[in-house]
Amino acid sequence: MKFKQTLTSLTVASTLLATTQVYAALIDIELVNLTNSMAFTPVLIAAHDDQSALFHVGEAASDALQKMAEGGDTSQLSAEITNMGGVTLDLTSAPTLAGVTSSGNLDTGSNMYLSLGAMLLPTNDGFVGLDSWKIPTQAGTYTIMLNAYDAGTEINDEIINGGGMLGVQGIPADPSGHAGTGGSGASSSEGNQSVHIHPGNIGDNDPMGGFSDLNSSVHRWLNPVAKLVITVK
């Protein structure tokens with residue numbers, strides 16, 4: 001009788017494990033840009049285990065994260081996740097403008113955590129991010145509000161000069177088309193060199209000079225900057 005009970009318990013446990021894996025395997029993803037005039041560079045979605053991540057708040061940015069935060073290049077982050085047994089999805093292939101919704105789906109396999117990253121334009125090293133969200137085992141729809149983070153790798157001078165490569169100060173571009181030129185520099189120092197909540201753009205209202213190339217009327221924001229809706233099947 002005890003052997004039969006033990007066998008039954010093992011069978012139930014195995015069934016529950018299989019059910020959990022099915023629930024966590026396939027997810028639908030919807031991302032909404034909540035900002036007024038900020039854009040997201042191509043958005044990387046990653047499903048991974050607890051030994052890997054795109055970033056961690058309060059820690060120094062990796063070279064791969066720096067490439068994404070300063071220039072929108074997610075290729076190294078994606079490769080690192082894949083090499084650790086994770087799976088990735090390029091949710092968008094072009095800048096996602098304010099108010100735009102992007103959607104896709106991902107087979108997460110046995111990976112139990114979900115992360116997201118995309119550069120926020122126009123910023124020096126700002127990005128929208130999700131750090132290692134535990135994928136629920138129960139089927140359903142889950143909504144997550146996402147903040148903007150500062151990689152802490154570049155001074156927020158708010159000068160648009162086509163920058164974006166590692167070691168090149170400046171902002172690559174402004175997809176919204178509201179930026180000016182001739183700024184002298186909004187900041188000359190970086191107080192926090194770890195990944196942290198972005199302080200936000202300052203900007204000014206001088207399109208041909210001032211201290212910033214960014215427009216204070218359109219390029220400022222308050223967190224959250226995005227809404228992520230995950231449907232676990």
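Which residue just after α3 takes a positive phi? G85 does, with a phi of about 95°. The model is predicted: local features need pLDDT of at least 70, side-chain atom pairs count only at pLDDT 80 or more, and totals for chains, interfaces and linings use all residues. Residues are numbered from 1 along each chain as its sequence is written, and side-chain values use heavy atoms, with hydrogens and water left out.

Helix α3 covers residues 75-83; helices (H or I, at least four residues) and strands (E, at least two) are DSSP runs, numbered from the N terminus. The buried residues of α3 are L77, S78 and I81, where buried means under 20% relative accessible area, exposed over 50% and partly exposed in between (1.4 Å probe, protein chains only). Seen down the helix axis, these residues fall within an arc of 100°, so they line one face of α3; the arc is that of the directions from the axis to the C-beta atoms. An α-helix has 3.6 residues a turn, so residues three or four places apart point the same way.

Now to the aromatic rings. Rings of Phe, Tyr and Trp (its six-membered ring) pair if their centres lie within 6.5 Å; planes under 30 degrees apart count as stacked, over 60 as edge-to-face and the rest as tilted. The whole structure has 4 aromatic pairs. One of them joins F55 and F127 edge-to-face, at 5.1 Å centre to centre and 80° between the planes. F55 lies in the loop between β3 and α2 and F127 in strand β7, so the pair ties together parts 72 residues apart in sequence. The rings of F55 and Y149 have centres 5.4 Å apart and planes at 55°, so this pair is tilted. F55, F127 and Y149 form one aromatic cluster.
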